[in-house]
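Reader: Could you walk me through how the pieces of this model fit together, with the cut-offs spelled out as we go?

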Amino acid sequence: MKLLNKYNKLAQAIGATLAISIISATPAIANQNHSTAMGSATLQLSDDSIIDSIDQLGKLDFRVPTTHRFSTDNGVAVVFTELHQLPIVDVSVDFYAGSAFDSQVRADGDGIANMTATMLTQGTSTLDEDAFIAKKEQLGIELGGGVSKDGLSLSVRSLSKAQTLQDATDLFIDALTKPVFDDKILERNKSRLISSVKQQKQNPAYVASLAYTQALYGGHPYGHPATGDEASIKALRRDDLMAFKNQFLTKDNAKITITGDLSLDDAKALANRISAELPSGKSYQGSISTPAKPAPRHIHIEHDSSQTQIIIGHLIDAERTDTASRQRFSDLSLGNEILAGSDFTARLMKTIREQKGYTYGIYGGIERMQAAGSYAVRFSTNGEQVRDAIFDTVAIIQDTLNNGVTHDELELVRLGNKNSFPEIFASNASTHKMTGSLAFGNYPADHLATRLDRLDRATIASVNQALKNTIHPDDFIIITVGKSKPDLSGLFEK
């Protein structure tokens, strides 16, 4: 029982990373005559060998998969990761053409990019919607589009068997280059999306997120939801989607990501086959303007909900990928995990949830985009506790900035980050997602390979400085969505 209690305390301290530590590391423990099984891994312990130090979990032994970067014959950048554990190939084409570009088609055209991505897989000039779906199901593939503020993506997942992959690629190219954007299907999509938006407005978290985005970016292209609102969705036309496709879905505005069971030569041939079908155009990478800094303020939205949804945050600088900026962001991520991570050892979780009982969960996160990003803490609490919960949250943030994180806290999250690093490569899909997002963000080819080095270089001073340089309570925009407006005037007095 004594052994179990001590083991449980350690498990609570390092949270979900413990399982990865046990699987990925070799414990340096002598006299191994007891075992505790976790999944396929076994941890050996002796009667008098109690794990009371995270150092005893050993060192991580892991190699980052090799990723190749090259260009197609017509100049499209490609990132390829060769993995042969499963007979699967993932392919994505990402365009610098997200919802931030809606207004370039039509000034009040919010939602154009999102609807374009949706309808790429709803019928082409060679296959109507039913035939397209039937072909996809016959091949047993996954094929779909998505959109963010910065980009639009079309992805396919197929078995690597030559004929299946060839047929899947044919369908993929058909969707990219020959969508019809059928008017009847468009009207059906619009009706469904408007109903979804109306339903989501009943969710205070959704309402708060919309209000925060609008307060943060105002009239900037990032300021509207990717779906658009009810009025802009209703106004969408087939010509809008075709114009968006013709302007932005071009070889000069694209990057290709391939992951899985292919040789390098086969990956090059596949990328060439896809890029050859894309029309010429121009690149829109880095073309979004920098938003103006918004004024700090409290915005309350009345909502008939038992809990009040809260967002506390502000604008942060645009994503940068030089060596120094990547180190600073790594340091910031470690510091934020200590301050506002999802683990119960995070400062906000320990105080706002565990000690005060204001909420079931409180988390702070960093959203990074090409023109600007955001730092925000999100949680909900009972209406009568809103004011105290917000003041206490801001006080913890300010105390962390003033006094810094501790050595023990840093070592704990450093170890957790190191030992959870292999999770990125746990599947074809997760590897594909990570390598594709890095390529789209124009990160250097060695970014993943040097991840552990950045973690090792983090110091108490560098982590605390990264937090101070990024989080500025005087700039906070605070959104509350609930029954009654809390008095937060004291927070905005200098």
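**Helix and sheet packing**

Author: Helices (H or I, at least four residues) and strands (E, at least two) are DSSP runs, numbered from the N terminus. This is a predicted model, in which local features need pLDDT of at least 70 and side-chain atom pairs count only at pLDDT 80 or more, while totals for chains, interfaces and linings use all residues. Residues are numbered from 1 along each chain as its sequence is written, and side-chain values use heavy atoms, with hydrogens and water left out.

Reader: Which residues of α10 are buried?

Author: They are Ala267, Leu270, Ala271, Ile274 and Ser275, and they lie on the same side of α10 because they cover an arc of only 125° around the axis, taken from the directions from the helix axis to the C-beta atoms.

Reader: Switching to the sheet, what is the strand order?

Author: The open sheet has six strands in the order β3-β4-β8-β5-β7-β6, with mixed pairing, and two strands pair if DSSP finds at least two bridges between them. The edge strands are β3 and β6 (142-147), each pairing on one side only.

Reader: How many bridges join β5 to β8?

Author: Seven bridges join these antiparallel strands, β5 and β8, and Ser92 has Thr257 in β8 as its bridge partner.

How values were computed: Buried < 20%, exposed > 50% of the residue type's maximum accessible area, 1.4 Å probe, protein only.
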